[in-house]
Amino acid sequence: MSERSVSKQQQDGKRWYTVQAPEQFDRAELGETIAEEPQQVVGRTIETTLGDIKDDAGSDNTKLTFKINDVGSDTAYTEFIKHELTRDYLRSLVRRGASKTEANITVVTTDDYRVKIQPVAFTTKKADNSQEHAIRRVMIDLVNEAAEERTFEELADSVIEGRLSSAIYGEAKQIYPLRRVEVTKLELEARPEELAEEEATAVDVDEDDVATDVADD
């Protein structure tokens with residue numbers, strides 16, 4: 001190890017950790033973080049772009065967020081938690097005299113991850129209310145279908161690689177001519193253990209309500 005590396009590792013009694021993406025992103029190196037103890041690193045988030053991971057400037061408009069969930073030796077391991085398009089890119093898609101139709105959809109994947117997905121469609125000209133409603137219905141139906149058939153990782157891949165937006169475009173363009181469909185955001189809201197805890201809490205509350213009702217009778 002070089003003198004620079006030694007001094008870096010021992011800076012102020014703290015240690016540097018290389019942050020690594022999950023297998024889904026080929027264990028790409030995301031950056032570095034510093035802490036006195038390994039447990040201080042867990043829970044930190046790091047944001048990068050798909051362009052940085054793929055070494056493709058054309059994908060710089062896609063932001064990816066990862067959360068550190070484990071530490072081993074000098075490496076911090078992460079989970080993927082959010083995909084989001086940049087504001088500048090989304091603004092570039094807006095055209096005067098055209099419509100922009102959005103939807104906010106919360107789904108649960110086959111492996112019990114709760115995810116929020118926000119698709120958007122841009123029309124070539126101004127659509128009326130009924131056409132916008134129909135386009136939004138297509139978005140909701142296809143996002144729900146995608147979640148019913150995929151794990152969290154598979155659903156994230158379909159968003160990041162553009163397959164979900166392409167599927168929405170293919171159906172929604174039959175309602176009104178479209179210029180572009182994108183998924184502006186995919187965000188992890190709850191993991192399987194968190195969902196299970198929520199469900200258990202809900203059951204406990206229901207049972208308390210039943211017990212109260214019986215006592216009142």
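This is a predicted model: local features need pLDDT of at least 70, side-chain atom pairs count only at pLDDT 80 or more; totals for chains, interfaces and linings use all residues.
Student: How much space lies in the largest pocket, and which residues are closest to its centre?

Tutor: Good place to start! The pocket holds about 520 Å³ of space. Its lining has 24 residues. Those closest to the centre are Leu 50, Val 159, Ile 160, Glu 161 and Gly 162.

Student: Which element gives the largest share of the lining of the largest pocket?

Tutor: Several elements each supply at least two residues, including helix H2 (50-54), helix H5 (152-160) and strand E9 (178-190). The largest share is four residues, and it comes from E9.

Student: Where does the largest pocket lie relative to domain 1 and domain 2?

Tutor: Look at who contributes to the lining. Domain 1 (14-85) gives residues, and domain 2 (86-194) does too. The largest pocket therefore lies between them.

Student: Is H4 roughly parallel or oblique to H6?

Tutor: The axes of helix H4 (residues 129-149) and H6 come within 10 Å and cross at roughly 140 degrees. Only angles over 145 count as roughly antiparallel, and those under 35 as roughly parallel. So H4 is, relative to H6, oblique.

Note on methods
Residues are numbered from 1 along each chain as its sequence is written. Side-chain values use heavy atoms; hydrogens and water are left out. On a 1 Å grid over the protein atoms alone, a cavity is a set of points where a 1.4 Å probe fits but cannot get out, and a pocket is an open set with protein on both sides within 12 Å along at least five of seven lines; lining residues have an atom within 4 Å of a point. Grid points are joined across faces, edges and corners, and a volume is the space filled by probe spheres set on the points. Domain bounds come from an automatic or database domain assignment. Axes are lines fitted to C-alpha atoms, for helices over the stretch in contact, and angles run from 0 to 180 degrees between N-to-C directions. Angles under 35 degrees count as roughly parallel, over 145 as roughly antiparallel, 65 to 115 as roughly perpendicular and the rest as oblique.
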